[in-house]
Amino acid sequence: MSAPGTGGERFDLVVIGGGSGGLSVASVAGRLGLRVALVEASGELGGECLHTGCVPSKALLRSARVARLMRRGADFGLEACEPAPDMGAVSRRVHAVVDRLQAHDDPDRFRSYGVEVIFAAARFLDAHRIAAGDRVLWGRRFVLATGSTPAVPEVPGLAAAGYWTNENLFDVTEPAGELAVVGGGPVGVEMAQAFRRLGWTVTLVQRGARLLPAEDGGASGVLREALEAEGLTIHTGNKLQEVVPAATRDERHALRLADGSEIPAQRILVATGRHPTTGGLDLEAAGVERTETGAVAVDRRQRTTARHIYAVGDVCGPYQYSHLANYQAGVVIQNAVFRLPARADLTALPRVTFCDPEVAQVGLTAAEAEQRYGDTEVHRADFADLDRALAEGEATGFAKLVFRRGRIIGATVVGPHAGELLPQLVQAVRGKLRPKDIIGAVHAYPTLAEIAKRAVEKYYGERLFRPPVKGLVRWINRLVP
Ligand SMILES: Cc1cc2nc3c(=O)[nH]c(=O)nc-3n(C[C@H](O)[C@H](O)[C@H](O)COP(=O)(O)OP(=O)(O)OC[C@H]3O[C@@H](n4cnc5c(N)ncnc54)[C@H](O)[C@@H]3O)c2cc1C
Ligand SMILES: NC(=O)c1ccc[n+]([C@@H]2O[C@H](COP(=O)([O-])OP(=O)(O)OC[C@H]3O[C@@H](n4cnc5c(N)ncnc54)[C@H](O)[C@@H]3O)[C@@H](O)[C@H]2O)c1
């Protein structure tokens, strides 16, 4: 660590990185009257979520879903038709959505909050100073919010063949061809389905034993079945070993897998995870340490090993979601601005993979709960039995609720709009609610949200519709006139 200097423009708070996490901290701190600098390397605010992550991927998935519905016309009594996707037009729509949302992240909006916005790459000079272009900033406190970048495996031939990542995927305008997707996490699964629905022949290779390995095994199975039914080819428990590059752009590369099989593909999408972005920051000069995985090490108050430097979002994890970066930003505001010892609590952190069917989770999965406690109870309701799901023609999937000692400690939903169904379950896990809190609330009929109530009904069903209870009910009814 370098000896701290005193020169430079002085700020109460210097935020490094203008994505989901950094923008949340800077806007609140600025409006609360702190002298705040926001330093962003890329030349525009919004970060990955807006430009190359959540927003473009969800816009692309929407076009893909419309294509799917067109093909499914006959399921609804309409003439089915095979869409002719225009990748150029799809990409233009995706960028139009991004541009529309970019207005929220206009630098002038942040300047109006009193934030000094500086477009430059930041580098620590010592524990209290950074260089940002030709300026030197002194900060009482700092927030590191530099996000993550695609982790590309070292596979012989891959670089020579050329590949897409989320950083250039949304600029694809060429007509549909053959695509190999490497990685079966959220990026791989969402994008494989989007491209398949937009007419591409897609093969997905997943090193893990199943798709979305962090999710409930049953949910992962339902998803795989749905993807295969749409014509996706999936290899799990297999790894990309080597690529034999095509001689010309129109020919196909050969992707050799660990089990000796070979996949032909014109294009390759690499979706094998992400590395925290710390390169060039010179964290050592500030005394900020990293974990074994390269993430910035933080405590539950989001403080790094240099106590006046905080970190939020993908650069520290432990998960990589935009809403987690925002949540951690709130923890930092409480600690660094209000000086309250707030701690992050991820017990009820939701996550959603926006494929179709969507996969949503809050709290523990059934397997995690069983492993941790050994005395849990799981009840499941299927969309195939739910009136609204049948009316919608979207009856794939289920909700699974995990109970322990009369409390809801986890929920998995795989099915139509699963992410939209999550909030009541997030409240249930967060508030350690009892099953009666779900069943006691009147759910509008017919809604998909009734699925949670149905799973709770199973919980009570097992307890109520038993001979001793039946006997008691008969006895009361005979006794009381
Ligand atoms: C394809 C894809 C889809 C996704 N979909 C979802 C989703 O649906 N829901 C969800 O919750 N999450 C999703 N994510 C994850 C989400 O995008 C990230 O978790 C989120 O953007 C992280 O926010 P952040 O603030 O940590 O970092 P970022 O948004 O990446 O922002 C970091 C910023 O720091 C800047 N920076 C880096 N180094 C420096 C430096 N030295 N100096 C100054 N600035 C610097 C970068 O230019 C960048 O603007 C998705 C990710 C991908 C790849
Ligand atoms: N809907 C969402 O919230 C959403 C969407 C997209 C991304 N994200 C976030 O972005 C991050 C990155 O997502 P991701 O899907 O790239 O990463 P990931 O780490 O979640 O999944 C990558 C997968 O690639 C596989 N893999 C690794 N190397 C491989 C190889 N050589 N061959 C074959 N398979 C290989 C791994 O088994 C792993 O399951 C995630 O942490 C996720 O939280 C979130």
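The secondary structure of the protein chain comprises 15 helices and 21 strands. Helices (H or I, at least four residues) and strands (E, at least two) are DSSP runs, numbered from the N terminus. The model is predicted: local features need pLDDT of at least 70, side-chain atom pairs count only at pLDDT 80 or more, and totals for chains, interfaces and linings use all residues. Residues are numbered from 1 along each chain as its sequence is written, and side-chain values use heavy atoms, with hydrogens and water left out.

The C-alpha trace spans about 85 × 65 × 40 Å along its principal axes. The radius of gyration of the protein chain is 25 Å; a compact globule of 481 residues would have one near 23 Å, so the two agree. This radius is taken over C-alpha atoms, and the globule rule is 2.2 Å times the number of residues to the power 0.38. Of the 481 residues, 50% count as buried. Buried means under 20% relative accessible area, exposed over 50%, and partly exposed in between (1.4 Å probe, protein chains only).

Contacts are defined by heavy atoms within 4.5 Å. Among those between residues at least 6 apart in sequence, 63% join residues at least 24 apart. The accessible surface comes to about 22,300 Å², and carbon and sulfur atoms account for 52% of this area. Areas come from the Shrake-Rupley method with a 1.4 Å probe; for residues, only the protein chains shown count as cover.

Strand S20 (residues 398-404) is largely enclosed by the rest of the structure, because seven of its seven residues are buried. Both of its faces are covered. Phe398, Lys400, Val402 and Arg404 lie buried on one side, and Ala399, Leu401 and Phe403 on the other.

Two strands pair if DSSP finds at least two bridges between them. Strand S19 (residues 377-382) runs antiparallel to S20, and six bridges join them. Here Asp382 stands opposite Phe398 of S20. Strand S21 (residues 407-415) also pairs with S20 in the antiparallel sense, over seven bridges. Within this pair, Leu401 has Ala411 of S21 as its bridge partner. S20 and S21 form a hairpin with two residues between the strands. In this hairpin, Arg405 takes a positive phi near 45 degrees.

A parallel pairing involves S8 and S9. Strand S8 (residues 178-182) is joined to S9 by five bridges, and the two run parallel. Leu179 has Val202 of S9 as its bridge partner. Strand S9 (residues 201-206) is mostly covered, with five of its six residues buried.

Key:
Chains are lettered from A and ligands numbered from 1 in the order in which they are written.
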